Amino acid sequence: MTPQEKRTSALLRDGYFPVQLPPPFRTSTLGAVVPALNACFALTTTYLSDCESFSVARVGHRRRTTKLPNPVSQFLLARSIAANWPAISKHLKRSKLSLSNPRLNITVGERSIQIPSLGELESERVSRSAGYRYALVSDVTQFFPSLYTHALPWALHTKSAVKAALRARPRRSAGFGDDLDKHARNCQSQQTIGVPIGPDTSHILAEIVGVGVDIELRQVLKSWPAGYRYVDDFVLFFTAKA
């Protein structure tokens, strides 16, 4: 396999199903046939589908609804991410706040992306809070279900560039973020609101937007604040209330 095919394979083989699914459920066969799938589906392929819902247990006896995208739609999204991974990785590194920057892992049998565990955050909280009196702790409610897919190209290419591309005649693409937007929508019957909870591809998409938020925050504050963001949780430290 080519490097791109290996990345696509990892996302399908070890990052497709939610981590909470029982061990017998595997997608290793799907990950192994990526070269054949590439031969079947052109780069311009558009495939509309919807997800199947799967309820999983959470801490505190609550449950969470995860989503299982259609295999073809998920392959097309994973292939788009894999093809543009160098540029995506460069974008993700722009944030000095994020502690949830995913590292793509192609090792067989391990989850396709790796981020620090929740247990590792406490030491970061302690070290980054040194010298500050106040902490602002917040999170984004329903981050994955409410994520606007059009925000993907906005975060990657800026909203002004995307709008300019839409106004151009003939209309042109602002960049690969448009492709991510398209395939993310096609996994959910072209819905622009939300990404499926469960697949590792959704964490990558969410982090793309999260980094965009981090950059906007830096522009408002004129510098990077002390603290961190972990997926949709913000912990920021300040010397004064205002």
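The paragraphs below lead through the helix packing and a sheet of this predicted model. Residues are numbered from 1 along each chain as its sequence is written, and side-chain values use heavy atoms, with hydrogens and water left out. Because the model is predicted, local features need pLDDT of at least 70 and side-chain atom pairs count only at pLDDT 80 or more, while totals for chains, interfaces and linings use all residues.

The axes of helix 4 and helix 5 (residues 85-92) come within 5 Å and cross at roughly 70 degrees, where axes are lines fitted to C-alpha atoms, for helices over the stretch in contact, and angles run from 0 to 180 degrees between N-to-C directions. The two helices are therefore roughly perpendicular to each other, a label given to angles of 65 to 115 degrees, whereas those under 35 count as roughly parallel, those over 145 as roughly antiparallel and the rest as oblique. I81, A82 and A83 of helix 4 make the contact with W85, P86 and I88 of helix 5, contact meaning heavy atoms within 4.5 Å. These residues divide into six nonpolar, no polar and no charged (Ala, Val, Leu, Ile, Met, Phe, Trp, Tyr, Cys and Pro count as nonpolar, Asp, Glu, Lys and Arg as charged, and the others, Gly among them, as polar).

Helix 4 also packs with helix 10 (residues 176-186), at an angle of about 160 degrees and with the axes 9 Å apart, which makes helix 4 roughly antiparallel to helix 10. Here S73, L76, L77, S80 and I81 in helix 4 meet D179, L180, H183, A184 and N186 in helix 10, and the residues of this contact divide into five nonpolar, four polar and one charged.

Turning to the sheet, three strands form an open arrangement in the order 5-7-6 with antiparallel pairing, two strands being paired if DSSP finds at least two bridges between them. Strand 5 (134-139) and strand 6 (226-230) stand at the edges with a single partner strand each, so one side of each is left without a neighbour in the sheet. The twist averages 10 degrees from one strand to the next. Strand 6 pairs with strand 7 (residues 233-238) over five bridges in the antiparallel sense, and G227 stands opposite L236 in strand 7. Helix 6 (residues 121-128) packs on the sheet, where it touches strand 5, strand 6 and strand 7, and its direction makes about 160 degrees with that of strand 6.

Conventions:
Helices (H or I, at least four residues) and strands (E, at least two) are DSSP runs, numbered from the N terminus.
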